Amino acid sequence: MPEDPNSIVIKDVSFSYEIPEEDSGKAPRPALDGISITIAKGSYTAILGSNGSGKSTLAKIIDVLEVPDSGKVVIFGKDAGNDDLFWDIRSHCCCVFQNPDNQIVGTIVEEDVAFGPENLGIPNPELRQRVDQALKDVGLYELRHRETTALSGGQKQKLAIAGALAMQPDILILDESTAMLDPSSRDDFLALVEKMRLEKGLTLITITHDMTEALRCDKLIIVDKGKAVMEGRPEEIFMSDDLWKYGLKRPVKYIFAFEIAKLTGQRLTCDDLKSDETLISALADMLKKPDIKAPEAPEEKKAKTDRHEVIMSVKDLSYTYDGSDVKAIDNINLDIMKGEVLGIVGESGCGKTTLISHMNAIFRPVSGDVTISTKDGVLSCRNKKDTLKIRQNVGLVFQYPEYQLFEETVYKDIAFGLRKMDVPKTEQKSLIREAAYRVGLTEKELDSSPFELSGGQKRRAAMAGVLVMNPGILVLDEPASGLDPRGRQEMFTIIRCLRDSGTTVVLVSHNMDEAAVNCDRICLIDGGKIKAVGTPAELFSKEKAEELNIQRPRITRFSERLRKELEKVYPDIVFDGMEFEPEKEALSVVKSVCREAGKHNVQ
Amino acid sequence: MFSKISLGRYYPAHSFLHETDPRVKTILYGVYLVTVFMIREPVSVALLAGIVILQLILAKITPGILWSTVKPMLPLALFIFIINVLTIKQGDVLFSWKIITITGYGIGRASIMAVRLIFLIISTSVLLTLTTTPLKMSDALEKLFAPLSLIKVPVHEMAMMMSIALRFIPTLAAETDKIMKAQQSRGADYDTGSFINKVRGYITVLIPLFVSSFRRADELAVAMDARCYSGGKGRTKLNPLNLTLRDVLTGIMFTLLAVLVVLVDLSLR
């Protein structure tokens with residue numbers, strides 16, 4: 001086989017992780033199972049797949065961090081199986097991983113950037129020049145003498161990119177590098193990486209759970225159970241109906257478009273998906289046809305119970321961390337209504353976590369107060385002797401709660417809170433069963449060690465540990481972060497069921513799309529202050545969003561362009577209000593068009 | 001509470017001592033360690049205090065930072081003071097009640113003991129941790145102990161491990177804080193209850209902390225591999241240690257000052 005110097009060729013590669021001695025009875029499930037892919041030099045490729053599908057292992061194989069059990073890996077004509085070449089390959093391929101904290105070696109910014117080229121043995125005038133250039137490229141040059149721990153999450157990931165660029169790689173692999181960033185740092189980061197790709201001619205490979213991010217690529221590869229199951233341009237891949245099987249979803253605008261096609265009984269073609277313009281004109285064409293019928297959708301029973309009862313009230317709350325001059329939160333006033341899902345939205349470092357830490361007296365209010373109405377009357381978080389009762393009533397699940405599991409079995413871990421509250425053993429059993437049922441854990445999983453579970457199951461186990469105390473209010477900090485699209489959807493289904501059973505939910509998020517769909521009201525926080533509170537429809541109306549300077553959900557931005565296009569055909573059309581679920585928004589648009597078209601036909 | 005740990009923290013600044021070669025600082029640290037334990041006369045203690053103040057100025061360390069480094073050790077200093085006051089029975093008795101005897105000489109000796117401990121902390125911080133980044137410190141140790149690699153001591157690896165350990169102190173402190181908060185919100189209480197209960201409470205914190213440290217270690221190892229780390233061989237340095245005349249003179253000057261203090265002390269006995 002002549003080796004192509006212009007592509008990464010992976011052929012029939014299989015790989016299994018070594019399993020610990022005591023488990024050697026079990027057959028190892030291969031992380032990669034005869035996978036074959038080709039990636040062209042200079043291309044921009046996304047590798048997609050569910051949690052545990054083998055995506056990250058594939059990245060490690062390309063960087064020769066793992067050696068395949070069988071198969072062939074040839075990087076730009078160099079065989080990775082050749083011991084003399086593998087060092088050469090690795091020095092031209094760089095990875096940026098998910099957790100910024102776990103890939104920084106140096107204490108000082110420039111020391112960390114130098115780590116890679118130092119390992120390569122680059123001598124000094126050049127070494128200094130490479131480090132400075134890399135820092136200038138990512139915009140961290142001014143911070144070169146800072147401590148690495150003092151950087152924000154977004155800056156840390158940029159530092160990791162600088163560390164990679166200083167090695168002057170040909171290939172850059174982003175292994176879920178944006179998963180822990182908020183939307184503005186994420187856009188910033190991607191813009192930087194794409195600029196570097198064009199400037200330095202990098203081959204860019206990104207592993208992501210964000211389908212809209214994947215749309216920016218030239219090519220998508222879907223990996224499932226260690227095999228490449230689909231490969232193609234984004235518009236080809238997203239035509240497929242099998243995505244859900246692989247734990248994936250279409251990007252929101254495609255969900256919306258396909259729903260319109262379904263409702264009008266028509267089909268979208270691959271060409272329609274090429275760009276936003278083609279897609280909008282295709283959708284407008286579908287809706288322009290005079291003979292479309294109004295879809296017979298069941299009228300939504302919007303059980304909008306009037307929510308008058310305040311269950312938690314935050315009054316004049318301010319907090320300043322020791323040794324800081326800036327208030328982390330500044331004069332927060334907020335009423336939370338019984339039975340609602342309240343979203344708390346804002347960028348990293350805006351004070352969201354500080355605020356929710358006050359909600360169950362983890363931080364005792366220093367100035368201001370938080371009061372909670374419970375069946376034992378109104379409790380104040382300032383009152384030390386009510387602490388345990390407050391924590392029973394307000395369950396708090398921090399970000400990545402699965403890292404805090406510690407017991408031998410899931411059952412025991414869930415029981416931790418009940419033991420602390422002195423609930424009798426006999427009652428514990430039924431409470432634990434119920435909590436496990438609510439998050440969808442099986443009996444078998446209750447008896448296994450929490451460390452044997454998959455990522456999504458661990459998170460549910462950790463949530464069950466809080467739910468078991470039957471809190472009236474549940475505060476969740478980024479409950480879906482790091483999960484694949486299917487996992488995210490399942491998480492939000494759990495949250496909706498909790499609300500339906502009467503739990504008040506406070507949901508912290510930096511994802512506007514998900515907050516708009518899942519929250520009854522949204523509280524927007526900026527620089528420690530409340531910027532606005534209202535229903536999603538209020539906050540994301542065009543005027544209000546502009547006034548607040550917030551980015552509206554993707555679906556709203558896209559649907560508005562379609563609505564504008566339709567106004568050209570039906571100048572008098574009156575649209576119903578914006579919906580934030582793509583399917584519902586599609587229905588709303590189609591209905592409005594049918595109503596208008598009906599009028600024309602009568603005349 | 002754990003995020004305030006100042007042990008091993010680097011204080012970023014440009015100062016005379018920050019720019020002094022870490023090898024010189026490490027040797028000077030050894031010299032001052034010995035000096036602190038050799039002296040016992042108030043005059044020489046005062047002289048040493050003068051030198052330490054000079055070092056603080058040369059390192060541009062503000063009183064606030066100094067205080068945050070010394071503060072955590074004050075209880076220990078106080079403890080040493082009290083034990084010494086109670087155990088030294090020589091000299092004029094100032095106060096006596098049952099088995100407690102306090103003497104003027106005892107108070108003097110005890111004060112010097114406590115002050116020595118504080119000097120020890122200040123020297124460690126000023127000469128090493130506050131003014132030297134962990135990577136530079138590990139460079140210095142690697143160079144100073146390089147001869148040991150001839151007898152197969154893995155000097156480079158040990159130095160690297162040390163610098164990574166220091167780099168992760170703030171990260172793990174933040175993690176501990178997070179785990180404790182999560183458990184507190186599930187009803188855990190670390191402050192009240194019997195001693196046994198408290199210890200048990202901390203075990204539930206330690207398990208997830210260990211698990212996550214292993215996970216972090218794993219990920220860091222992969223990240224280092226990806227950046228082509230393969231031990232000390234063939235590695236270059238962005239800021240190679242560079243012994244200048246100024247460094248040598250600094251070393252000689254402070255060593256002479258230390259010798260002077262010791263001589264004064266010996267002559268007064």
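In this predicted model, S7 of chain A has A40 of chain A as its bridge partner, and A40(A) belongs to strand β2(A). This bridge is a handy place to start looking at the sheet. Strand β1 of chain A covers residues 7-15 and pairs with β2(A) in the antiparallel sense over 6 bridges. In general, strands of a sheet pair through backbone hydrogen bonds, in either a parallel or an antiparallel way.

Stepping back, the open sheet in chain A is formed by 4 strands, with antiparallel pairing and the order β2-β1-β4-β5. Strands β2 (32-40) and β5 (78-79) of chain A each have a single partner strand because they stand at the edges, so one side of each is left without a neighbour in the sheet. Helix α1 of chain A, residues 55-62, packs on the sheet and touches β1, β2 and β4 (70-75) of chain A. The direction of this helix makes about 120° with that of β1(A).

Finally, the two chains meet: 41 residues of chain B are in contact with 54 residues of chain A. On the chain B side, α8(B) provides the largest share, 12 residues. By class, this side has 20 nonpolar, 10 polar and 11 charged residues.

How values were computed:
Residues are numbered from 1 along each chain as its sequence is written. Chains are lettered from A and ligands numbered from 1 in the order in which they are written. This is a predicted model: local features need pLDDT of at least 70, side-chain atom pairs count only at pLDDT 80 or more; totals for chains, interfaces and linings use all residues. Two strands pair if DSSP finds at least two bridges between them. Helices (H or I, at least four residues) and strands (E, at least two) are DSSP runs, numbered from the N terminus. Two residues are in contact if their C-beta atoms, placed from the backbone, lie within 7 Å. Axes are lines fitted to C-alpha atoms, for helices over the stretch in contact, and angles run from 0 to 180 degrees between N-to-C directions. Ala, Val, Leu, Ile, Met, Phe, Trp, Tyr, Cys and Pro count as nonpolar, Asp, Glu, Lys and Arg as charged, and the others, Gly among them, as polar.
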